Amino acid sequence: MSQQVRAVVARSKGAPVSLETIVVPDPGPGEAVVKIEACGVCHTDLHYREGGISDEFPFLLGHEAAGVVEAVGEGVTDVAPGDFVILNWRAVCGTCRACLRGRPWYCFSTHNAKQRMTLTDGTELSPALGIGAFAEKTLVAAGQCTKVDRAASAAAAGLLGCGVMAGIGAAINTGNVGRGDTVAVIGCGGVGDAAIVGAKLAGAAKVIAVDIDDRKLATAAKLGATHTVNSRQTDAVDAVRELTGGFGADVVIEAVGRPETYRQAFYARDLAGTVVLVGVPTPEMKLELPLLDVFGRGGALKSSWYGDCLPSRDFPMLIDLYLQGRLDLDAFVTEIIALDEVEKAFERMHHGDVLRSVVVL
């Protein structure tokens with residue numbers, strides 16, 4: 001039987017979100033119902049509310065979540081009721097050309113639940129990133145559930161579902177940061193700070209944090225940055241070069257998603273260095289670079305999709321590091337809030353007052 005639960009819904013573009021009653025159907029083949037324990041408030045949810053992703057309102061917001069599997073549909077074998085899981089928005093298909101070539105983190109045919117959750121009047125909801133976890137329960141594809149150690153805090157674990165994984169993965173998976181490397185991270189929000197943590201985990205010798213906000217730079221230093229640069233006061237490229245013997249960083253991670261900061265990243269890297277774009281640009285943004293500079297500097301210009309993560313591989317490993325005290329996920333949880341405080345959390349996030357507000361149910 002279907003269930004009625006409370007959830008945060010964005011009914012129209014730019015309007016404040018509201019707490020509504022929604023209907024969650026029983027899981028069909030390949031699906032699972034998950035009782036949500038915690039869900040982080042991510043910039044992507046705000047983009048959905050503002051109509052920046054699509055106009056398929058009403059949206060069921062929330063996607064950076066952890067919870068317990070309540071029920072599974074026919075054919076589900078990887079998870080079972082009672083499993084503590086982190087939700088992911090890239091359920092690997094296993095059969096597309098990327099998966100068949102042994103690169104499932106690039107899966108070109110990721111999938112979501114086939115059934116739709118609805119408002120009580122039957123209006124279908126569009127779940128944010130196929131999850132919709134600002135809710136007491138949600139319906140997802142079973143492949144979106146990754147079982148991890150129950151000992152982990154749900155508030156911390158859920159952050160691997162999006163922003164923290166994107167940043168750590170940008171450093172470790174996409175950037176291939178290695179022992180002794182120099183790394184610069186431009187933009188020190190949640191994703192950028194996670195990239196700093198990832199670079200530190202990978203053994204980088206020097207991690208340079210670049211931002212225009214001294215508060216964010218102070219947090220970056222606490223999370224492992226060895227040097228900080230306020231690019232409102234100092235030219236970012238010159239500063240990174242000065243801190244790297246005049247050469248530039250081996251890996252520069254751009255966590256803003258703007259042409260200006262991408263150019264900084266491009267010129268702040270060493271010859272044959274790597275630029276990783278993990279910040280998400282808007283559709284109208286354009287980038288212009290001298291093609292001779294692209295050729296002459298060599299190296300690699302990469303974009304990072306979800307930290308190029310494979311949830312089944314990366315989530316359990318990172319949770320193990322967290323439980324061993326080697327990865328401080330708790331440091332990303334600025335505040336714990338209730339389900340009806342999401343709109344206020346958007347405002348605090350917009351002003352840069354938090355790394356993550358986390359809804360705990």
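Predicted model: local features only at pLDDT ≥ 70, side-chain atom pairs only at ≥ 80, totals over all residues.
Let me start with helix H8, residues 259-267, in which Pro 259, Thr 261, Tyr 262, Ala 265, Phe 266 and Tyr 267 are buried, where buried means under 20% relative accessible area, exposed over 50%, and partly exposed in between, with a 1.4 Å probe and protein chains only. Helices (H or I, at least four residues) and strands (E, at least two) are DSSP runs, numbered from the N terminus. Residues are numbered from 1 along each chain as its sequence is written, and side-chain values use heavy atoms, with hydrogens and water left out.

What do the buried residues of H8 pack against? Their partners are strand S11 (182-186), helix H7 (236-243), strand S14 (249-254), strand S15 (269-277), helix H9 (291-297) and strand S16 (300-303). Of these, S15 and S16 run parallel and are joined by four bridges, strands being paired if DSSP finds at least two bridges between them, and Leu 277 stands opposite Ser 303 in S16. Together, S15, H9 and S16 make a right-handed β-α-β unit; right-handed here means that, with the strands pointing away from the viewer, the path from the first strand over the helix to the second runs clockwise.

Phe 346, leaving out residues up to four places away in sequence, touches Val 17, Val 41, Cys 42, Asp 45, Leu 46, Arg 49 and Leu 61, contact meaning heavy atoms within 4.5 Å.

Strand S5 (residues 64-72) contains Ala 65, which is buried at a relative accessible area of 0%. Beyond its neighbours within four places in sequence, Ala 65 is in contact with Ile 36, Ala 38, Cys 39, Val 85, Ile 86, Leu 87, Ala 133 and Gly 158.

Finally, the charged pairs. How many salt bridges does a search of the whole structure find? It finds 13, each being a side-chain nitrogen of Lys or Arg within 4 Å of a carboxyl oxygen of Asp or Glu. One of them joins Arg 6 to Glu 136, with the closest N and O atoms 2.9 Å apart, and this pair links distant parts of the chain, since Arg 6 is in strand S1 and Glu 136 is in the loop between strand S8 (126-127) and strand S9 (137-141), 130 residues apart. Arg 6 counts as partly exposed at 40% relative accessibility, and Glu 136 counts as partly exposed at 26%.

In the salt bridge between Arg 11 and Glu 20, the closest N and O atoms are 2.8 Å apart; here Arg 11 is partly exposed at 46% relative accessibility, whereas Glu 20 is buried at 16%.
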